[in-house]
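Subject: Structure handover

Hello,

Here is the structure for you to look through. My notes follow below it.

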Amino acid sequence: MMKKKSSFTSLSVNRIWNVFFCGTGGQGVLTAAEICAVAAMNAGYHVKKSEVHGMAQRGGSVESHVRFGPRIFSPLIKPGTADFIVCFHEGEGNRLAAYLRKGGTTFVPFLKDPAFLPQDRRFLNTAFLGILSALAPIAEESWLAALSQQLKRSLVENQAAFALGRKAGFAYAGRTGGR
Amino acid sequence: MENKRISSVQELLSGDEAVARGAWEAGLRVACAYPGTPSTEILETLAGFKDVDAQWSVNEKVAFEVALGSAIAGGRSLYASKHVGLNVAMDPLMTASYTGVNAGFVAVVCDDPGLASSQNEQDTRWVGPYAKLPVLEPASPAEAYLFIKEAFAISERFDTPVLFRMTTRVAHSKENVAVGARQDSALKPFAVNIPKYVMVPRNAYQKHMVIEKRLLALAALSETTPLNKIEKGSAKLGFITSGIPYQYLKEAYPDASFLKLGFTYPYCDKKIARFAHMVRELVVVEELDPIIQEHVRSLGIKARAKHPTFRIGELLPEHMAQIYKGAKKKELPSTARKPVLCPGCPHRFVFSVLKRNKAIVAGDIGCYTLAATPPLSTLHTCLCMGSSITIHEGFRRIMPNGKIVGVLGDSTFVHSGITGLINAVYNRMKGLIIILDNSTTAMTGGQNNPAMGRTIRNEPTKQLSIEAVCTACGADNVDVIDPKNLSQLDALVKQRLAADALSVIVARRPCKLVDRNRLPMPDYDRIKCKTCGLCFNLDCPALVKTEDGHVDINAALCAGCYLCVDTCPSDALKRPA
């Protein structure tokens, strides 16, 4: 079987990437989206992010759209155009599945696969960012800078969860042919 | 606004944060606001700059007046609120247009199309022509950062307050913005000028003439300012637009021509006409009310516009094609999870008592408004800040024997409840008001308020005693009770409802997001449980109904408040040993 590593050709940095984060209150959806947006900014992209405030604490749905590329207009992802649905709650991931583009990657299966889940579920969001880092054209140092900038507590554990997620992400990319 | 990959300090800022950053760099001195989604973060960010005098004001009218006072005294000042908050400040705003300013004064107002968290979808752009004020409308955080600096310059150049209008999507979305350093603005000297600042009829008449001239000068600026931009694309199709729809149109119709309005009032009539002549097909796209659309048509210009069904709700990227075709908006049912009171919320205790007593509840604005949601369904009116006490009085004038209760929070009471209470006493009304004192302004994110004795920067200050205020207002009975004492609360409510008196009950217990202490979850006896479902009527997120109607307690969510224990008639839920 031919194994292709994720390759970031010059083409991939010239188009808009759409990452859709979702889950319920308290799962760290907005933190994960923020880290992703900061990582993209560190990597030199124009970045826009939209988020819904306030209902997270009261158990409501939480969504955040992160878009990066050479020039972004809309802060919202159109349904059917998300490259990734990074979800921390299976129900929410399924409810919002229409946002995924044909050929995009939803993280719903990862929620059920121990190979992609960290030992400590508190670090689920950074582990998933690790997976994402293997599939999106943002250099590792941009991600690591974003992690240390955004996370005040448990940085070492988060970095470890990120690293394991990244490894799992590369393995997944290898199996599915990369981008 | 391209962000180049060169050396410049970039920050990922929301529209709110960008306004704060830009205002700070423009030498802002004083900033006043009352919390209100989606504008709250403006003052929260400004409070982080030590050279800005930032405050949570008691309400928006106070905020506006304090900030305007500072501007007149010679320091650049800013007011921020949501759209309905501006309604509270309309009195000073309308006449501030007459007095003008001294140092720059900008009123930042955030509309909420789509109702992320509001009582209505009013379109604040109407205030521009109504108050005869210039209106600036950024379409992104990067624009908000640049436009706010321009707003202060315009305010000083034309001696006018400036209305700076955003929407939730612009206020809360984030973008990387190249930021800079603060330019300290020298204080402008205050010169006594009674005809300018004292609006008695003779002075106001003269000022009205000044305002009309000022509008003409602002209209001339509107024609030349780069804030109103023609982007020449195809001659086949052109859009006139402002705010966030511009971004969606740019992606849906990248080849079209655009007239993007950023200085949206007064209008740039000549530029609009010039643009109309550049394109064969002209379409006006705006969110909420057909303001630009009707103005363009009033100039005799033929332009297509969205179907009226799109005046309701937020415009989304996927709407652009439907709008262009003139199609009706398809209303899709919302599938999102509903927000509910947190596990352990003290409000739930109060509403379970009110529900049990079949009270009619005149409610107010706060987390407790969620008590209106089924199955709790124990809040029956909610209009605007402070309207609990006053609508309670209105009801009782028609239904003097009804079990009507006015319910509001601590911050809401200080904002605009006190006047209603004085009115009830003065106009000899009897009844019951319950003030839910959870020691915070919760729904907007847990801000400080006068009843807590802590400022926006958490500095200690005099603490307003709610019960002392109620007594001073003349209430016949004022009780302070911990709502967790359920049977005591129930007895007191019954007693006060039956009394020929105006009573206030202050139900005092901290918000669960302030006091995060949790007690162990209850014990559940499946055999004793008769699946009556009374516990589920409390709508606690920690109680999950199993397929056969029994109870599953989510240990991660349960706060150990034991309201379900006190509600269970069968002893199936018990406090843990």
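A residue is called buried if 20 or more other C-beta atoms lie within 10 Å of its own, exposed if 12 or fewer do, and partly exposed in between, with the C-beta atoms placed from the backbone. Helices (H or I, at least four residues) and strands (E, at least two) are DSSP runs, numbered from the N terminus. By these rules, strand β1 (residues 17-24) of chain A is mostly covered, with seven of its eight residues buried.

Before the rest, two points on how to read the entry. This is a predicted model, in which local features need pLDDT of at least 70 and side-chain atom pairs count only at pLDDT 80 or more, while totals for chains, interfaces and linings use all residues. Residues are numbered from 1 along each chain as its sequence is written, and chains are lettered from A and ligands numbered from 1 in the order in which they are written.

Chain A

Chain A has seven helices and five strands. Along the sequence they follow the pattern α-β-α-β-β-β-α-β-α-α-α-α. Of the 179 residues in chain A, 54% are buried.

Which strands lie beside β1(A)? Two strands pair if DSSP finds at least two bridges between them. β1(A) is joined by eight bridges to strand β3 (residues 61-69) of chain A, and the two run antiparallel. With strand β4 (residues 82-87) of chain A, β1(A) pairs in the parallel sense over four bridges.

Two residues are in contact if their C-beta atoms, placed from the backbone, lie within 7 Å. Among the contacts in chain A between residues at least 6 apart in sequence, 68% join residues at least 24 apart.

Confidence in chain A

The pLDDT is the predictor's confidence in each residue, from 0 to 100. Chain A averages 89, and 88% of the residues score at least 70. Within chain A, confidence is highest in β4(A), at 98, and lowest in helix α1 (residues 10-13), at a mean of 62. Over residues 1-10 of chain A the pLDDT is below 50, and this stretch has 16 contacts in the model beyond near neighbours in sequence.

Where the chains meet

How many residues of chain A are in contact with chain B? There are 28 in chain A, in contact with 31 residues of chain B. On the side of chain A that touches chain B, α2 (29-42) and β2 (46-51) each supply at least two residues. β2(A) gives the most, with six residues. That side divides into 10 nonpolar, 11 polar and seven charged residues. Here Ala, Val, Leu, Ile, Met, Phe, Trp, Tyr, Cys and Pro count as nonpolar, Asp, Glu, Lys and Arg as charged, and the others, Gly among them, as polar.

β2(A) also runs antiparallel to strand β8 (residues 174-178) of chain B, joined by two bridges. There K49(A) stands opposite K174(B).

Chain B

Chain B is divided into domain 1 (10-224), domain 2 (228-325), domain 3 (346-508) and domain 4 (518-577); the bounds come from an automatic or database domain assignment. The centres of domain 2 and domain 3 of chain B, taken over C-alpha atoms, are 46 Å apart.

Chain B has an open sheet of five strands in the order β9-β11-β10-β13-β14, with mixed pairing. β9 (228-231) and β14 (304-305) of chain B are at the edges with a single partner strand each, so one side of each has no neighbour in the sheet. Strands β10 (residues 237-242) and β13 (residues 281-285) of chain B pair in the parallel sense over five bridges, and T241(B) stands opposite V285(B) in β13(B).

Regards
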